[in-house]
Amino acid sequence: MDKNWKAVDATDAALKEIAVPSKLPGKAVAVKRLVPDNSDAFTRTIIAPIMREQGDNIKVSEMPYDGCIPCGTTCLEKRGVAPFVPAWNADKCIQCNQCAFVCPHAAVRAKLIEPKVLADLSNKVPATFKTVLAKGKDKDFQYKVQIYPEDCIGCADCVNECPSDALTLVSIDESRKQGETQNAEFFNSLPSDVLGSNKEDTVKGSQFKQPLLEFSGACGGCGETPYIKLITQLFGDRMIIANATGCSSIWGGTFPTVPYCKNKDGHGPAWANSLFEDNAEYGLGMRLAVDSNRRLLKSAVTALLADGAANLDGELKSALNFSLENFESVEENAKQNAARVKELLPMALKKVASNSAAEKTLRKIVELDNYFVPKSVWALGGDGWAYDIGFGGLDHTLATGRNINIFVLDTEVYSNTGGQASKSSPLGAVAKFAEAGKNTVKKDLGLMLMSYGYIYVASVSMGANKVQLLKALKEAEAYNGPSIVIAYAPCINHGIDMSRSQAREKLAVESGYWLLYRYNPALKAEGKNPLVLDSKEPKFPVNDFLKDETRYTSLERSFPERSASFRQRFDGYVKDRYLFYKRLASEQ
């Protein structure tokens, strides 16, 4: 207390008055332009004033009356807050794309670029924009890893993840001098989603897809955002997201800017935030609404094709028939067909008689034409929601058997509200309400939900096994029923070096602290055990993992006798749990 009072007194004594001039000097720094001149009304009247801390000047009448706001607006912020940012050494790069895969803020990206594209833009290519010949089967393309220095947080996860030391940290001033800010602008203008010979469900191929979550306000090294960014790369153009309140709703949609964005076709995740306690039900409502709208669309298309008076031209008729035949397809040809139908519908409306049955049916199809391609509905949230406050609703939602995907960002603590213990918090972990270490083991949410027998359940950890993570996401989304994926997400509340959050994820699995598995009910039909244990036997004692996290080591100082007891119990718990899952996975 005395130190605090002395600090206050010293500050008071050091204060000096600075006279504010009555008028501006003849020369002054030009006011920086924060948003483009051609910005939409929301950006000009809402985002720009708030960015200048002048939000009190916004009129109530200028606010969105329905709560809807544009997405893809965090790209306007260009905060430039990182003292140091990565620099790419093309000569050392093995083109694995792991740097882009783990970047929490989508500030490191990779592209394959057709040489003709660069040739056509030769007068616009910055002098410092360098590419290299792509390796392997993609040698007809140029390859580029691009850093976004003004959007990077400087966590260095990418630097530590790179297997070939092709990334190093340089000062942001040096990065700017090297032209990386201008390079990023040009890189952004180049075509995205060019996969070459790669498949999107591979580590390398997925990172040629445009991330539809970018430049969020998450902590440096955040363990949550890389997972959601990856999900948007796989399914983002048809995603609908219900987001429980928590860290993921703060970095996911803090007013007025939103990190979820759209692709070149204007498609991207539709995002909404719910309360802590009812997010799963919120997502279930979205699923039911989508299903209802798709049934109405299918009925309307069927009726239109049967109506001779509609006088449909051959191309539209063929496209509508294709949509019915491929109504559950999410392949590219189904998406292209849906886009063509939307283009042809206005002309068809002009040809039918006014107030006719055909016109009414066509108008209903136009109203619902965004539902030709199936939607991917996801409920996202942390362990405080999934294990605790929202568990009843989560359990009910999954038990309905509806085709909804749930993704749990498991930080093992109430991260956003200050680090309180949850039922996900492990044995002996120190958190608020568990200052002397949590007395009980972590709730096994996955095992509980596997007991239903018809829910897809997976446990993943990106830094430990990226391929297993991709498999789990693809299987969960493809499964025609409820699914839940539980992901280990290191957090600043753990008391770790956040520049090595991916390494922590790997060590968690190698020590047996976290298990990797996939429970796929679809395997039953093939006569197989639905549980696949992807974890191998622990490589080293779990206590070696615990000793590098403050949430465990702090107990050694405050309650050393309890710490020793917890460590012994934890070791036995981890060994017993692995053997239990191994036995479940080996049963025929």
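Colleague: Which element gives the largest share of the lining of the largest cavity?

Modeller: That is α22, which contributes four residues. The model is predicted, so local features need pLDDT of at least 70 and side-chain atom pairs count only at pLDDT 80 or more, while totals for chains, interfaces and linings use all residues. Residues are numbered from 1 along each chain as its sequence is written, and side-chain values use heavy atoms, with hydrogens and water left out.

Colleague: What makes an element a helix or a strand?

Modeller: Both are DSSP runs numbered from the N terminus: a helix is H or I over at least four residues, and a strand is E over at least two.

Colleague: Why is a space called a cavity and not a pocket?

Modeller: Both are sets of points on a 1 Å grid over the protein atoms alone. In a cavity a 1.4 Å probe fits but cannot get out, whereas a pocket is an open set with protein on both sides within 12 Å along at least five of seven lines. Eight cavities of 30 Å³ or more are present in the structure, and the largest cavity has about 240 Å³ of space. Its volume is the space filled by probe spheres set on the points, which are joined across faces, edges and corners.

Colleague: What makes a residue part of the lining?

Modeller: A lining residue has an atom within 4 Å of a point. For the largest cavity 21 residues qualify, and K442, D444, W514, Y573 and R577 lie nearest its centre. The elements giving two or more residues to this lining are α17 and α22.

Colleague: How is the lining of the largest cavity divided by class?

Modeller: There are 13 nonpolar, two polar and six charged residues. Ala, Val, Leu, Ile, Met, Phe, Trp, Tyr, Cys and Pro count as nonpolar, Asp, Glu, Lys and Arg as charged, and the others, Gly among them, as polar.

Colleague: What is the volume of the second largest pocket, and which residues are closest to its centre?

Modeller: The volume is about 790 Å³. Of its 27 lining residues, C75, L76, K78, E185 and N188 are the closest to the centre. Two or more lining residues come from each of β2 (108–113) and α7 (180–189), and α7 has the largest share, with four. By class this lining has 10 nonpolar, five polar and 12 charged residues.

Colleague: Why is the contact between E412 and K442 called a salt bridge?

Modeller: A salt bridge needs a side-chain nitrogen of Lys or Arg within 4 Å of a carboxyl oxygen of Asp or Glu. E412 and K442 meet at 3.0 Å, N to O, so the pair passes. Side chains of opposite charge can pair when their charged atoms come close. The structure holds 36 salt bridges.

Colleague: What makes E200 and K474 another case?

Modeller: Their closest N and O atoms are 3.5 Å apart, and they form a salt bridge. E200 sits in the loop between α7 and α8 (203–206) and K474 in helix α18 (residues 466–478), so the pair ties together parts 274 residues apart in sequence.

Colleague: What makes the group of M1, W5 and V8 a patch?

Modeller: Patch residues have over 30% relative accessible area and no salt bridge; like charges are joined within 9 Å, and nonpolar side chains (Val, Leu, Ile, Met, Phe, Trp, Tyr) within 5 Å. M1, W5 and V8 make a nonpolar surface patch of about 400 Å².

Terms used:
Areas by Shrake-Rupley, 256 points an atom, 1.4 Å probe, with all protein chains shown as cover.
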